[in-house]
Amino acid sequence: MQYPILVVSKDIEFVGWATQTLRMRGLTARGVSEVTTALELVRTQNIACVVAMNHEEDSVASSLWRMALTEVLAPMIVVVVPGDVQSAVAAMKSGAETVVERDKDGSRLLAAVQVVIDELAQASPAMGDPRDLIIRHDRSPLNDLLGVFPQFSQGIAPVLIHGEPGTGKELFARILHRMGDRKAGPFITVHCGAIPESQLESELYGHVRGAFAEATGDKLGYFQAAHGGTLFFDEIGSLPLQFQMHLLRVLKERTVQQVGATESTFVDFRVITTSSIDLEKAIADGLFRSDLYYHLNVLPLELPPLRERTMDIAVLAEHYIAEHNVVHDTKIEPLSTEIRRHLREHDWPGNVRELHNAIQRLCVVASRSGRIREEDLPAAFFDRDPFKHLGLDVPSEGMDITATLDMLEDRLLTMALLKTRGNKARAARLLGLNRTTLVEKLKRRRLDIE
């Protein structure tokens, strides 16, 4: 199976070097110098990954890869000049899949591309279960969630994935697509919060030449580009109300009309959406249409944050270390028990994305010694005062410790159940209890939270 790779840079010499390096390994590679051309190719063709070069001194190239990281619909590998740590960190923060330094023989680039291809090969039904792309512990709470994927992946019923930022909502959406009967079709991503409102109509519907001053040629919109495949709306809650109405109409009628066109076109796609905000609250606040919500929320999925799946943290960390060793030709040792404990006890507000970036930084720091040490961890990993977190203090007038502890336990049980919407299994994990222990405590204290 072919895995086409797109090389993008204003630096023609780099484009030639990268495409030649990839082709000598037997890979299919194409080079372009314009980001608009690259984005159109990725939207309309099955591109495995995009390779972009960033020169610190070249503002045009810098703008190019930043735009690509925002808009691109395939994994992005950013190549930097040796020693350009600032550009590497900026690329990682912008969402690059991998950042590598350019070397003479291209071995680092080839290793990074091979990691992407291996993941795509694993996602192929002929090569294995796409759910294996989710790195997790044998007892991870994700196992129950992934158990419904064979059913949810089929048909065209809309799927709404809810979860905090950084939990991997797009990865889960891509796996649903790859497991479904539309896997041979395109997977088109719409980053709802990243498109200026003035451009939304043209981006969604496309336009014909002459529709407006800048329309120098015909352009397919997201709806048409997703024909036969899946249209993925990331952070649907960011879509302005006016375009929420447009989306609802297209979902009902299955036709679109390009800006400046006189006729409508039939479109056939499945829609998957994500949200990190409470859409029901957004409806109550007048920021989201209730009719669109009910249309999209046919098959709901809720991704647990990383702090609720602590057993996955070490598994993910070791996977990222192994991946770093392959791409950067390093030999970072497995994590010590103490480092694992620090990682497990961290809250991870940025979830899996934060963990991935943290491990990459730790690997860079440990590249000489080959071992991640406690002193390499940021200060945030050591600020875990439970009294500070709970706001506890002993009043000067004294207290009834038994009554206070009973009240505190009631409050924690109630908060855990409210946070998990009454899901006792997840609430027990939040509190570090067995489910049966939680149920017994609820019965004994006569707490019943629907």
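Tutor: In this predicted model, a residue is called buried when its relative accessible area is under 20%, exposed when that value is over 50%, and partly exposed in between.

Student: Why is Asn351 called buried?

Tutor: Asn351 has a relative accessible area of 0%, and because buried means under 20%, that value places Asn351 in the buried class. Asn351 is found in helix α16, which covers residues 351-365, and its phi is near 60°, a positive value in a residue other than glycine.

Student: Asp329 has a positive phi as well, so how do you know whether Asp329 counts as buried or exposed?

Tutor: The relative accessibility of Asp329 is 70%, and since exposed means over 50%, Asp329 counts as exposed. Asp329 lies in the loop between α14 and α15, and its phi is about 55° although Asp329 is not a glycine.

Student: What makes the contact of Glu164 with Arg307 a salt bridge?

Tutor: The side chains of Glu164 and Arg307 meet with 2.5 Å from N to O, and because a salt bridge needs a side-chain nitrogen of Lys or Arg within 4 Å of a carboxyl oxygen of Asp or Glu, the pair qualifies. This pair links distant parts of the chain, with Glu164 in the loop between β6 (159-162) and α8 (169-179) and Arg307 in the loop between β14 (299-302) and α14 (311-328), 143 residues apart.

Student: Why are Glu164 and Arg307 each called partly exposed?

Tutor: Glu164 has 25% relative accessibility, a value that falls between the 20% and 50% limits, and therefore counts as partly exposed. Arg307, at 28% relative accessibility, falls between those limits too and therefore counts as partly exposed.

Student: How do you know that Glu235 and Lys169 form a salt bridge?

Tutor: The N to O value for the side chains of Glu235 and Lys169 is 3.8 Å, and because the cut-off is within 4 Å, the pair counts as a salt bridge. The two residues belong to distant parts of the chain, Glu235 being in the loop between β10 (230-234) and α11 (241-253) and Lys169 in helix α8, 66 residues apart. Lys169 has 7% relative accessibility, which is under 20%, and so counts as buried.

Student: Which classes do Asp376 and Arg373 fall into, and what makes their pairing a salt bridge?

Tutor: The closest N and O atoms of Asp376 and Arg373 are 3.4 Å apart, which is within 4 Å, and so the pairing is a salt bridge. Asp376, at 15% relative accessibility, is under the 20% limit and therefore buried, whereas Arg373, at 31%, lies between 20% and 50% and is therefore partly exposed. The structure holds 16 salt bridges, and Glu338, Arg341 and Glu345 are linked in a network of them.

Student: What makes α9 roughly parallel to α11?

Tutor: Helix α9 (residues 197-205) and α11 pack at an angle of about 10°, with their axes 11 Å apart. Because angles under 35 degrees count as roughly parallel, α9 is placed in that class relative to α11. The α9 side of the contact consists of Glu197, Leu200, Glu201, Leu204 and Tyr205, and the α11 side of Gln242, Phe243, His246, Arg249 and Val250. These residues divide into 5 nonpolar, 2 polar and 3 charged.

Notes:
Residues are numbered from 1 along each chain as its sequence is written. This is a predicted model: local features need pLDDT of at least 70, side-chain atom pairs count only at pLDDT 80 or more; totals for chains, interfaces and linings use all residues. Side-chain values use heavy atoms; hydrogens and water are left out. Helices (H or I, at least four residues) and strands (E, at least two) are DSSP runs, numbered from the N terminus. Buried means under 20% relative accessible area, exposed over 50%, partly exposed in between (1.4 Å probe, protein chains only). Axes are lines fitted to C-alpha atoms, for helices over the stretch in contact, and angles run from 0 to 180 degrees between N-to-C directions. Angles under 35 degrees count as roughly parallel, over 145 as roughly antiparallel, 65 to 115 as roughly perpendicular and the rest as oblique. Contact means heavy atoms within 4.5 Å. Ala, Val, Leu, Ile, Met, Phe, Trp, Tyr, Cys and Pro count as nonpolar, Asp, Glu, Lys and Arg as charged, and the others, Gly among them, as polar.
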